[in-house]
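Subject: Structure handover

Hello,

Here is the structure I promised to pass on. Please open it beside this message and follow along. My notes come after it.

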Amino acid sequence: MVYTPMMQQYLKIKQNYQNHILMFRMGDFYEMFFDDALQASRDLEIALTARDGGGGKKVPMCGVPHHAAQSYIARLIAKGRRVVICEQTEDPRQAKGLVKREVTRIVTPGTVMEGQCLDDKKNNYLVAVLIEERGCGLAFSDISTGLFRVTQFNGDNAFHELADELYRLQPAELLLPRSYNGDLAERMAGMANMLITAIDDHLFNPESSGNILDRQFGESWRQAGIDRLIFGSRAAGAILFYLLDTQKRSLEQINSPQIYNTNQFMKIDAVSRRNLELTGSIKDGMRWGTLIWVLDYTCTAMGGRLLKQWIEQPLLDVVLINKRLDAVEELLNDLIMRTQIKEALKQVYDLERLAGRVAYGSANARDLLALRKSFDVLPVIKKLSNDVNVELLIDLIGCLDDMSNINELLHKALIDNPPMQIKDGGILKPGYNPEVDSLRAAGSNGKDWLARLESEEREKTGIKSLKVGYNKIFGYYLEVTKANLSQVPDYYIRKQTLVNAERFITNQLKEYEDMIIGAQDRLMQLEFELFSEIRQNVAGELHRIQNTARNLAVLDVLISLAEAAERANLVRPIVNTDKKIVISDGRHPVVERVLNAGDFVPNDTYMGENSTLILLTGPNMAGKSTYMRQVALIILMAQMGSFVPAAKAEIGVTDYIFTRIGAADDLAGGRSTFMVEMSECRDIVNNATRNSLIIMDEVGRGTSTYDGISIARALVEYIHNNIGARTLFSTHYHELTDLDALSGVVNCTISVHEENDEIIFLRKVLQGKVDKSYGIQVARLAGLPEEVLSRAQDVLHQMEKRSGVAEYQGKKDDAAAAGSITDRCADAREKSLLREIAKINVMQLTPLEALNLLYHWTEKIKNEVEAGGN
């Protein structure tokens, strides 16, 4: 098919962007063709039409107005599309033949700048990852704020740590070398909801990475130590190349590359982040019902983003933690100062992203006006520096840059309500530029002259309906209805014929048209040039704006934590390097807020040298999981610098939080619920340290009772004897309560009141143990039919009688307990299996060996059952 010249131009550009939607500028619209049009019309729910492609053949087409393009781009990006912007690079009025067009930008989920595409209180991360046998490199950037960070992971656990960090970051887009096989890409995509983009492997080469980092940062990336990260620096170079390639311009806002080390922060693996619901609920990923929902009283978007980072990365440095706590305490106690700062912060716009758009060259006059309004309140905050006493607040407020010189320029230059479009004029204040004032006067005088001309021509011709008009095609004209054409004088020159009127010009009108339009064109061009100059001046102070934004964000988070402390009755924790965890009347911050005031039952927690492992028993629905989660959240809140929900708390710094809570299978990965559970247990025993917190909830319930008891017991003993981590271990296996014979293991239970086969949950954690699970009573509370409950009770009595539970419950000695279990087995096969179990030394058994044994026994039983025909 022979395409039209315009369509050939489109296809030539499109061939380089096969996996993108190409938005092709044509006049006032961005048009899309062929498959792009089919896809975009569905995604955007806009009309699909057709256009002559050449040779009389129609091609699919759809389009969007250029002035509304951002909202359409945002919708495409939200669906995971990559969008190529192709602009007209010359004025169509001056073009000879086909208008020149070039790709000016590629927009992907990880490179968006438009506000409609971004969550105000969430960073939009682009991440690059390099995985090799000796280690993994990771770099991430938020182009909208200028954030650029680099790290790497070494050793046998590198990939696991990388996966946890990816889950924390939740990137919008992930860059991988093209050679990585599909399985790896799928595994990484499954860690979070993100777009995977494959890029050429050579972009991860040390030489290529070094060159591009030099070009962007000069020596600063070496001064930051990034060159010493042999994997991280290569990921950094790849991500930087991708950013420059897609944005087609220098990225001045990305100017401070920094190394970060995950060992500076408390580690929280992906499973624990999900279980603890820090920033997204398990149910739907939303903020409601999460820790950030409880703590977020930030006034600014940048403060909201920083609060999320603090929650996700609690500190390990006791000095830094206490500096934050000092600041929160002072702000909590000084209501007047806190209120003054809050009211000022409410007037501060998103300085980080505004600075990013200024540096990027996409900021309009309203963006600069937002900067001006934000700068107006800085002196108000700075005046409070004399009233603060703690180090962190003195640094934040006392050293705050009030941006006075830039603010003075913006006040002098910009009108108070500028238009959105910066090329249409009407931006600058009178008196800012003499030539602008002169051209505006010429335009104003020209309009007065046109009004006089209309009046004079009506008088001369006697045509009372005569009017002067204007359009972009024909310029200025005199319009006369057809009924009055006989009165038109000879010096009128016909310009256009309409159904009911004729349009004319005169030589005099043409001369003034040239003058008026020339003045307007020059005025708009001059205003655009002057605005660009102002924007460039602001961009020259980018570092100052970004530093001011960071200081205000920290101040906003501290205010938010003080506000949360007041509203939720939180107290300052003692944070030290001791091993103790002492919590008096601790509460779950989220559950407490959801319940009515006073309904939540607080509980104490003590873990120290002689009580490192709490073995928690009690019925379902009694509150075991809530209690264990609240301990983890209180520790996490303390180490992020927040006050905590308790009457009193002393927190020994925790390096890692692990949770094994709930049951879920991994159908896509081919793993059962039990295998998922065992994998999580493996990660815990392989990575926990003496200073970690381990939460295990009903481990072993995914397999048979005897297997479950065996594994749960072995895990408790291994954690106690080999790791020594502070541990909360809940279980329904009452056979485990004799483990309190181990020093450091304490039995606790959630108390209930039982009466007439019904129970009331008292929610109070007490020392001691129970020998019942109250399963049937809980089933009654759930509303199961009485017939089912009665039958369940009968079956339970029969099973207890047959198995001799009463006899077994009194046993304390491990060997005697194993023997009593064997005596209760009526089947010889079970006796043989239990003899094997009794011979095992669980203290010398690795988790993998345990899994292999379980597999061996399962297969053996299956074979025996099949052979016996049962």
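**Helix pairs and a cavity**

Helix α12 (residues 318–333) and helix α21 (residues 542–568) pack at an angle of about 60°, and their axes are 8 Å apart. Axes here are lines fitted to C-alpha atoms, for helices over the stretch in contact, and angles run from 0 to 180 degrees between N-to-C directions. Helices (H or I, at least four residues) and strands (E, at least two) are DSSP runs, numbered from the N terminus. The angle makes α12 oblique to α21. Angles under 35 degrees count as roughly parallel, over 145 as roughly antiparallel, 65 to 115 as roughly perpendicular, and the rest as oblique.

This is a predicted model: local features need pLDDT of at least 70, side-chain atom pairs count only at pLDDT 80 or more, and totals for chains, interfaces and linings use all residues. Residues are numbered from 1 along each chain as its sequence is written, and side-chain values use heavy atoms, with hydrogens and water left out.

Back to the first pair. α12 and α21 cross in a right-handed way. A crossing is left-handed if the near helix is turned anticlockwise from the far one by less than a right angle, and right-handed if clockwise. On α12, the contact uses R324, A327, V328, L331 and L332; on α21, it uses L558, I559, L561, A562, A565 and E566. Contact means heavy atoms within 4.5 Å. By class, this contact has nine nonpolar, no polar and two charged residues. Ala, Val, Leu, Ile, Met, Phe, Trp, Tyr, Cys and Pro count as nonpolar, Asp, Glu, Lys and Arg as charged, and the others, Gly among them, as polar.

Next, α15 (residues 365–376) and α20 (residues 507–539). Their angle is about 40°, with the axes 11 Å apart. α15 and α20 are therefore oblique to each other. Their crossing is left-handed. A365, L368 and L371 of α15 meet F531, I534, R535 and V538 of α20. That contact has six nonpolar, no polar and one charged residues.

A40, D43 and L44 in α2 meet Y72, R75 and L76 in α3. Four of these contact residues are nonpolar, none polar and two charged.

Which residues lie nearest the centre of the largest cavity? They are E165, T262, K267, I268 and R273, among 15 lining residues. A cavity is a set of points, on a 1 Å grid over the protein atoms alone, where a 1.4 Å probe fits but cannot get out; lining residues have an atom within 4 Å of a point. α4 gives the largest share of the lining, four residues. By class, the lining has five nonpolar, two polar and eight charged residues.

Best wishes

Note on methods:
1 Å grid on protein atoms, 1.4 Å probe; cavity = no way out; pocket = protein on both sides within 12 Å on 5 of 7 lines; lining within 4 Å.
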